[in-house]
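Reader: I am new to reading protein models. Could you take me through this one?

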Amino acid sequence: MTASTSASVSPERARRASFPDTLIRWGAFPAGLAVAALAALALHHRWMPAMAVQMAAMVAAVLLVVIAERRLPFRAAWRVAPSAERRVDITSMAVLMLLADPLSKMTLLPLVASLAATAAAAIAEAGGRPLGLGLFPAALPLPLQLLLAAAVAELGQYGTHRAAHGVRWMWAMHGFHHNPARVNWLNGFRVNPLNLLWHQLAGLGLLVALGAPEPVIQMLIAFGTVVAVFQHANADLRLDGWNRLLSTADLHRWHHAAGHAQGQCNFGAVLMLWDHVFGTYRRHDAAPAVVGVAGFEPKAAGYLAGLREAARMAWR
Ligand SMILES: [Zn+2]
């Protein structure tokens with residue numbers, strides 16, 4: 001694609017809204033949050049294995065967004081359509097879901113927990129204050145633990161996301177996600193596996209190292225998954241009240257705006273907390289006309305070509 005300036009344009013609201021459309025416009029995102037809350041309850045009471053709960057929450061969020069995108073497309077040109085780009089997005093989603101994400105959660109995060117526990121034990125033996133497991137206030141009421149854990153994980157992820165837009169080799173990896181000239185639910189899954197690993201280490205890894213309880217982390221994952229799916233929705237949803245708090249599609253489209261200056265905002269993965277604190281929060285009534293970034297493959301070459309191009313750019 002060719003990046004150009006991103007003049008603001010309004011969403012397409014061509015036809016008169018029917019009752020189902022109005023319901024979807026106002027209700028789809030709250031319904032997604034209700035799914036996340038239900039998943040949190042299921043995790044808390046252990047109604048099902050955690051992995052099954054996470055998968056069910058993601059499928060439910062995707063279904064809600066797909067329905068919203070079909071009924072109320074925000075930009076017709078951004079629809080998920082048969083193309084080489086869609087093949088890349090589907091491949092990326094498969095690699096993330098079947099390989100990178102399980103690998104990270106089943107090997108890297110336990111490794112972080114183990115290292116933290118070893119460090120804590122060593123320091124406790126030497127008479128010092130325990131590090132690693134033991135620093136998270138797990139005796140607090142659950143809602144406070146969730147808020148604290150969310151703020152901590154978001155700080156780590158905000159930091160690495162901002163770095164990814166400034167450090168050359170990180171941008172080479174992260175640009176793979178910004179490459180598409182559209183923002184829709186499917187290309188939200190276009191993420192370089194290395195990008196996913198550092199994102200998870202910076203957020204979940206930090207919590208694991210601090211000693212946050214497993215159910216707290218699982219609840220955050222469910223909530224984060226739902227928000228992330230909606231974050232890329234190419235749907236004309238009413239998100240006014242949520243835009244102050246959460247990383248919604250209204251805000252995230254500006255993060256994908258073509259042009260360096262436009263994209264340097266709204267780095268939050270789930271919460272907008274640290275964008276408010278560090279002055280990178282941007283809210284506009286309209287959306288950017290052009291999203292994406294020039295200079296990244298693949299144009300039509302495929303998933304592996306895109307990763308190879310990123311690796312070349314990182315080492316150049
Ligand atoms: Zn970014």
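**Confidence, then packing**

Author: This is a predicted model. Its mean pLDDT is 84, and 87% of the residues reach 70 or more.

Reader: Which element has the lowest mean pLDDT?

Author: Compare the two ends of the range. Helix α10, residues 273-278, has the highest mean, 97. The lowest, 46, belongs to residues 8-9, which form strand β1.

Reader: What share of the residues counts as buried?

Author: The protein has 316 residues. The share that counts as buried is 44%.

Reader: Are α2 and α7 roughly parallel or roughly antiparallel?

Author: Start with the angle. Helix α2 (residues 50-71) packs on helix α7 (residues 214-231) at about 20 degrees, and their axes are 9 Å apart. Angles under 35 degrees count as roughly parallel. The two helices are therefore roughly parallel.

Reader: What is the class make-up of the contact of α2 with α7?

Author: Take the residues on each side. From α2 they include Val 53, Ala 57 and Val 65; from α7 they include Ile 221, Val 229 and Phe 230. By class, the contact has 12 nonpolar, three polar and no charged residues.

Reader: How does α1 run against α7, roughly parallel or roughly antiparallel?

Author: Again, use the angle. Helix α1 (residues 19-44) packs on α7 at about 160 degrees, with the axes 9 Å apart. Angles over 145 degrees count as roughly antiparallel. So α1 and α7 are roughly antiparallel.

Reader: How many nonpolar residues are in the contact of α1 with α7?

Author: Among the residues from α1 are Phe 29, Leu 33 and Leu 43, and among those from α7 are Pro 215, Met 219 and Phe 223. Three residues of this contact are polar and none is charged. The nonpolar ones number 13.

Reader: Is the crossing of α1 and α7 left-handed or right-handed?

Author: Take the other pair first. The crossing of α2 and α7 is right-handed. As for α1, its crossing with α7 is right-handed.

How values were computed: Residues numbered from 1 in each chain as written. Predicted model: local features only at pLDDT ≥ 70, side-chain atom pairs only at ≥ 80, totals over all residues. Axes fitted to C-alpha atoms, helices over the stretch in contact; angles between N-to-C directions. Helix = DSSP H or I, 4+ residues; strand = E, 2+ residues; numbered from the N terminus. Parallel < 35°, antiparallel > 145°, perpendicular 65-115°, else oblique. Left-handed = near helix turned anticlockwise from the far one by under 90°. Contact = placed C-beta atoms within 7 Å. Nonpolar A, V, L, I, M, F, W, Y, C, P; charged D, E, K, R; others polar. Buried ≥ 20, exposed ≤ 12 C-beta atoms within 10 Å, placed from the backbone. pLDDT = per-residue confidence, 0-100.
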